[in-house]
Amino acid sequence: MSDCKKPDVKNVGSKQDPLLELKLAMGKFAEERDWDQFHSPKNLSMALASETGELLDCFRWLTEKESYQLDDRQAQAVKEELADILLFTIRLADKLNIDLLSAAKDKIAKNEQNYPIDKVKGSAKKYNQY
């Protein structure tokens, strides 16, 4: 961790870069609990996959229409799983020194090349299937 002041986990997200604030908060959270020793890229990627599975479970057996019409309990569960996914993603990126914002922008640019509008509009085919 750097020498800059780490924000309190409960006071994350306002004036600074929100991804940086979350990264610092996650680092502080792990450091205070001596959990950094468990946060290897392997373990974090496994935790991320587990959380993604928990998100999938929120939608199990719902119809397409029902997946848009979640009740309060369902919506809260989805919100929490998405937060877990975001936080583990940020933590994994931190451990691997990946700038998530830059990586996401690069991926959007790559997707624009792989999925030209004139070839894929209205189609769900993968780029190597059209």
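Biologist: At what angle do the axes of helix H2 and helix H4 cross?
Modeller: This is a predicted model. Helix H2 covers residues 41-59 and helix H4 covers residues 72-95. Their axes come within 9 Å and cross at roughly 165°.

Biologist: Which relative orientation does that give H2 and H4?
Modeller: The axes cross at roughly 165°. Angles over 145 degrees count as roughly antiparallel. H2 and H4 are therefore roughly antiparallel.

Biologist: Is the crossing of H2 and H4 left-handed or right-handed?
Modeller: The two axes come within 9 Å. The crossing of H2 and H4 is left-handed.

Biologist: How many nonpolar, polar and charged residues does the contact of H2 with H4 have?
Modeller: On the H2 side, the residues include Leu-44, Leu-48, Leu-55 and Phe-59. In H4, Val-78, Leu-82, Ile-85 and Phe-88 are among them. By class, the contact has 13 nonpolar, three polar and six charged residues.

Biologist: What geometry does the aromatic pair of Phe-29 and Trp-35 have?
Modeller: The ring centres are 5.6 Å apart, with 75° between the planes. Planes over 60 degrees apart count as edge-to-face. The pair of Phe-29 and Trp-35 is edge-to-face.

Biologist: How many residues apart in sequence are the parts that Tyr-115 and Tyr-127 tie together?
Modeller: Tyr-115 and Tyr-127 form an edge-to-face pair, 5.8 Å centre to centre and 90° between the planes. Tyr-115 lies in the loop between helix H5 and helix H6, and Tyr-127 in the segment after H6, so the pair ties together parts that are apart in sequence by twelve residues.

Technical notes:
Residues are numbered from 1 along each chain as its sequence is written. This is a predicted model: local features need pLDDT of at least 70, side-chain atom pairs count only at pLDDT 80 or more; totals for chains, interfaces and linings use all residues. Side-chain values use heavy atoms; hydrogens and water are left out. Axes are lines fitted to C-alpha atoms, for helices over the stretch in contact, and angles run from 0 to 180 degrees between N-to-C directions. Helices (H or I, at least four residues) and strands (E, at least two) are DSSP runs, numbered from the N terminus. Angles under 35 degrees count as roughly parallel, over 145 as roughly antiparallel, 65 to 115 as roughly perpendicular and the rest as oblique. A crossing is left-handed if the near helix is turned anticlockwise from the far one by less than a right angle, and right-handed if clockwise. Contact means heavy atoms within 4.5 Å. Ala, Val, Leu, Ile, Met, Phe, Trp, Tyr, Cys and Pro count as nonpolar, Asp, Glu, Lys and Arg as charged, and the others, Gly among them, as polar. Rings of Phe, Tyr and Trp (its six-membered ring) pair if their centres lie within 6.5 Å; planes under 30 degrees apart count as stacked, over 60 as edge-to-face and the rest as tilted.
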